[in-house]
Amino acid sequence: MGMDKPSFLFLLLLSAVALVFAYQTGFAPSSPYPAIEALGLSAFLLICASLLIGPIAVLLPKLGLPLIGPRRSVGLAAFVFALLHGLLALALALGWNLAYIFASTSLFLSSIALLILLAIALTSNDWAEHRLGAGLWKNIQRFNYLAFILVLAHFILQSRGLPYLSASPSGLNLAELALLLLGILTILLQLAGFVTMRRRRAQSEEEKSAAGGASGA
Ligand code: HEM
């Protein structure tokens, strides 16, 4: 009676999102727009999850390789949450006044991030991958890292409950703290995955040239 790994991933993510909404709407210290915040925090959670799958597949292939397939739907879910968050923020917090976006570093950076996520969402299908060619398609996907950094800046600038970091602190917010730690873990695992890949590539090059040298001798 085993659950396959992709199903377990979605169970885990759905539970985490439910927890964020329950905490943010029920227990978080004073917030004027708990729904906007819960959507934003959940979008951040899903972006982290989609960026964690790659390095986990490199470092722990048994666990991570079966999750490469569902990674695309995790990324698309992140976009859906981010879009709803942005729209709700625009409607409730900004009264549809787009000028606010250009008046705030945080909102400006987050809007660029949303456009990047849109471009990635639109090209996250086999048809686009085929039409664009592997090189261009990969380069578009790489903007994910920029989107992540922009979103992290937006998160920290908008946070209310991170001691030493929030501009207008309202008491410790456990959801924000947990997600900030997840963001840091995401950066660390990305770096570890990158270094491991490079080392493996260098090693196989070395083996190849050693084999070539042996056959040439
Ligand atoms: C690109 C994806 C985005 C993500 C992942 C994201 C994520 C977040 C996060 C994590 C927070 C902090 C919530 C908290 O600390 O409780 C936040 C707050 C906020 N975001 Fe975003 N955001 C995104 C895009 C946008 C866009 C495009 C806008 C509007 C132009 C926007 C407007 C806001 C506003 C107004 C807040 C403050 C809400 C409040 O404190 O009541 N966000 N966002």
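This is a predicted model: local features need pLDDT of at least 70, side-chain atom pairs count only at pLDDT 80 or more; totals for chains, interfaces and linings use all residues.
**Overall fold**

The protein chain holds nine helices and zero strands. From the N terminus on, its elements run α-α-α-α-α-α-α-α-α. Along the principal axes, the C-alpha atoms of the protein chain fill a box of roughly 75 × 40 × 35 Å. The chain has 217 residues, and buried residues make up 26% of them. Take the contacts in the protein chain between residues at least 6 apart in sequence: 66% of these join residues at least 24 apart.

**The nonpolar core**

In soluble globular proteins, nonpolar side chains tend to be buried together. Here, the largest nonpolar core counts 38 residues. Within this core, F44, L46, I47, A78, L117 and V151 touch the most other members.

A78 shows how the contacts run. Leaving aside residues up to four places away in sequence, A78 touches A43, L46, I47, S50 and L117.

**The α6 and α8 pair**

Two packed helices are described by the angle between their axes and the distance between the axes. For α6 and α8, the axes come within 8 Å and cross at roughly 150°. Angles over 145 degrees count as roughly antiparallel, so α6 and α8 are roughly antiparallel to each other. Their crossing is left-handed.

Which residues of α6 and α8 make the contact? From α6 come T105, S106, L109, S110, I112, A113, I116, L117, A119 and I120. From α8 come I140, Q141, F143, N144, L146, A147, L150, V151, A153, H154, L157 and Q158. By type, the residues of this contact divide into 15 nonpolar, seven polar and no charged. L117 and V151 belong to the contact, and both are among the core residues that touch the most other members.

**Q141**

Q141 is found in helix α8 and takes part in the contact with α6. Is Q141 buried or partly exposed? Q141 is partly exposed, because 15 other C-beta atoms lie within 10 Å, whereas a buried residue needs 20 or more. Q141 and L117 are 24 residues apart along the chain, and their C-alpha atoms are separated by 9.3 Å.

Conventions:
Residues are numbered from 1 along each chain as its sequence is written. A nonpolar core is a set of buried Ala, Val, Leu, Ile, Met, Phe, Trp, Tyr and Cys residues joined through C-beta atoms within 7 Å. A residue is buried if 20 or more other C-beta atoms lie within 10 Å of its own, exposed if 12 or fewer, and partly exposed in between; C-beta atoms are placed from the backbone. Two residues are in contact if their C-beta atoms, placed from the backbone, lie within 7 Å. Axes are lines fitted to C-alpha atoms, for helices over the stretch in contact, and angles run from 0 to 180 degrees between N-to-C directions. Helices (H or I, at least four residues) and strands (E, at least two) are DSSP runs, numbered from the N terminus. Angles under 35 degrees count as roughly parallel, over 145 as roughly antiparallel, 65 to 115 as roughly perpendicular and the rest as oblique. A crossing is left-handed if the near helix is turned anticlockwise from the far one by less than a right angle, and right-handed if clockwise. Ala, Val, Leu, Ile, Met, Phe, Trp, Tyr, Cys and Pro count as nonpolar, Asp, Glu, Lys and Arg as charged, and the others, Gly among them, as polar.
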